[in-house]
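The exercises below are to be worked with the sequence and the model side by side. Try each task before reading its solution.

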Amino acid sequence: MFPICSVPDNDVKKSAMFVFKDMEEFKARGKDENGDLVINKEQAEVVKLIFDLYLGGKRILGIVKELKDRNIKSSTGKDNWPKRSVEEMLRVHYC
């Protein structure tokens, strides 16, 4: 597996969002045929919506409910967004 950020070997709780089966899968996600990064417009709209809702005063659980009410599936294709996923999206991460 190839993590995006370095993950300590003793960390048994590796996020599936950041771990890929092989290097080909890593390269294929979010890149065009030249290997340049590209924005997935559908995902970008959802991320923008989440930030707009948050900046508009909605709390995390309100955002989760709004996403469900709008029938926006999570990145794993589920109807319900985990609270933790929204929290993590709103946090700034540096590798």
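**Exercise 1.** How are H2 and H4 oriented to each other: roughly parallel or roughly perpendicular?

*Solution.* Before starting, note that this is a predicted model, in which local features need pLDDT of at least 70 and side-chain atom pairs count only at pLDDT 80 or more, while totals for chains, interfaces and linings use all residues. Residues are numbered from 1 along each chain as its sequence is written, and side-chain values use heavy atoms, with hydrogens and water left out.

Step 1: locate the helices, which are DSSP runs of H or I with at least four residues, just as strands are runs of E with at least two, both numbered from the N terminus. H2 covers residues 41–55, and H4 covers 83–90.

Step 2: The axes of H2 and H4 come within 11 Å and cross at roughly 85°.

Step 3: apply the classes, in which angles under 35 degrees are roughly parallel, over 145 roughly antiparallel, 65 to 115 roughly perpendicular and the rest oblique. H2 and H4 are therefore roughly perpendicular to each other.

Step 4: list the residues in contact (heavy atoms within 4.5 Å). H2 brings Val47, Ile50, Phe51 and Tyr54, and H4 brings Val86, Met89 and Leu90.

**Exercise 2.** Which residues of H3 are buried, and why do they line one face of the helix?

*Solution.* Step 1: sort by relative accessible area, where buried means under 20%, exposed over 50% and partly exposed in between (1.4 Å probe, protein chains only). In H3, which spans residues 60–69, the buried residues are Ile60, Ile63, Val64, Glu66 and Leu67.

Step 1: look down the helix axis and take the arc of the directions from that axis to the C-beta atoms. The buried residues of H3 fall within an arc of 160°, so they line one face of the helix.

Step 2: turn to the other side of H3, where Leu61 and Lys65 are exposed.

Step 3: ask what covers the buried residues of H3, and H2 and H4 are included in the answer.

**Exercise 3.** Which residues make up the largest nonpolar core?

*Solution.* Step 1: collect buried Ala, Val, Leu, Ile, Met, Phe, Trp, Tyr and Cys residues joined through side-chain atoms within 4.5 Å, as a nonpolar core requires.

Step 1: the largest such core has twelve residues, namely Val46, Leu49, Ile50, Leu53, Ile60, Ile63, Val64, Leu67, Ile72, Trp81, Val86 and Leu90. H2, H3 and H4 each supply at least two residues of this core.

Step 2: follow one member, isoleucine 72, which touches Val46, Leu49, Leu67, Asp79 and Trp81 when residues up to four places away in sequence are not counted.

**Exercise 4.** Which residues does serine 74 touch, leaving out those up to four places away in sequence?

Step 1: apply the contact criterion, which gives Asn80 and Trp81 as the residues touched by serine 74.

Step 2: compare lysine 68 of H3, which, under the exclusion of neighbours within four places, is in contact with Asp79 and Asn80. Lysine 68 and aspartate 79 are eleven residues apart in sequence and 6.3 Å apart in space, C-alpha to C-alpha.

Definitions and conventions: Axes fitted to C-alpha atoms, helices over the stretch in contact; angles between N-to-C directions.
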